[in-house]
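Hi everyone, thanks for coming. Let's take a friendly walk through one structure together, so please have a look at the screen.

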Amino acid sequence: VTPGNPKYILARAQINIESLDYTRAIDDANTVLNKNPDSIPARLVIAKAFILTSAEEEAETQLEEIAKRGEVAEYYKLRGMLAKRRGNDEEAKKDYEKFFQMAGGIPASAFEYAEFLESIDGGAADAEAVYRAILKRYPESLFAEKSKEGLSRLGSSSYIPSPSDTDSVEQ
């Protein structure tokens with residue numbers, strides 16, 4: 001991958017997001033958009049940067065543009081982040097559920113979903129069920145260890161699987 005390649009530029013934009021350099025991330029994504037206005041990955045980067053910097057209207061504009069171009073799991077995650085930032089936990093929960101379903105129940109998306117549930121009022125029981133499902137379905141994964149930490153935060157120290165645990169991850 002060469003430095004002028006859109007994949008390279010978007011990878012750098014993601015690193016900039018993780019480094020909290022949102023301006024540079026947006027600049028990189030705009031570089032890709034200038035060559036390909038239909039680039040969903042570039043718009044996802046911009047939307048995420050805007051959400052993380054509380055530029056809600058700009059984020060909403062990018063999300064609308066993404067919706068016109070296709071349906072991707074990350075779109076729903078970002079919608080959920082934006083709804084949560086706006087204080088709408090119910091809408092955020094619906095969007096995160098859609099993200100989780102579209103992401104195929106992989107442990108990373110299940111864990112993100114559980115963390116989101118843990119963060120909203122009344123979401124602890126649902127978060128606990130997802131953490132337990134991750135432990136049962138992916139016992140040797142890093143996400144199992146992180147799920148034990150989540151259960152500990154929720155005050156649940158023991159792991160006792162229930163028959164519905166696997167169902168929670170496979171939704």
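Let me begin with a word we'll need: a residue is buried when its relative accessible area is under 20%, exposed when over 50%, and partly exposed in between, using a 1.4 Å probe and protein chains only. Please keep in mind that this is a predicted model, where local features need pLDDT of at least 70, side-chain atom pairs count only at pLDDT 80 or more, and totals for chains, interfaces and linings use all residues. Residues are numbered from 1 along each chain as its sequence is written, and side-chain values use heavy atoms, leaving out hydrogens and water.

Now the overall picture. The chain has ten helices and zero strands; these are DSSP runs numbered from the N terminus, H or I with at least four residues for helices, E with at least two for strands. Of the chain's 171 residues, 43% count as buried.

What about the inside? A nonpolar core is a set of buried Ala, Val, Leu, Ile, Met, Phe, Trp, Tyr and Cys residues joined through side-chain atoms within 4.5 Å. The largest one here has 49 residues, and Val-45, Leu-63, Leu-78, Leu-117 and Val-130 touch the most other members. Helix 3 (residues 40–52) gives the largest share of this core, nine residues. In soluble globular proteins, nonpolar side chains tend to be buried together.

On to the rings. How many aromatic pairs does a search of the whole structure find? The search finds six. Rings of Phe, Tyr and Trp (its six-membered ring) pair if their centres lie within 6.5 Å; planes under 30 degrees apart are stacked, over 60 edge-to-face, and the rest tilted.

Tyr-96 and Phe-99 make an edge-to-face pair, 6.4 Å centre to centre with 85° between the planes. They are three residues apart in helix 6 (residues 89–102), so about one helical turn separates them. Tyr-96 is buried at 9% relative accessible area, and Phe-99 is buried at 5%.

Phe-111 and Phe-143 form a tilted pair, because their centres are 5.9 Å apart and their planes at 45°. Phe-111 sits in helix 7 (residues 107–119) and Phe-143 in helix 9 (residues 142–153), so this pair ties together parts 32 residues apart in sequence. Buried or partly exposed: which is Phe-111? Phe-111 is buried, at 7%, whereas Phe-143 is partly exposed, at 23%.
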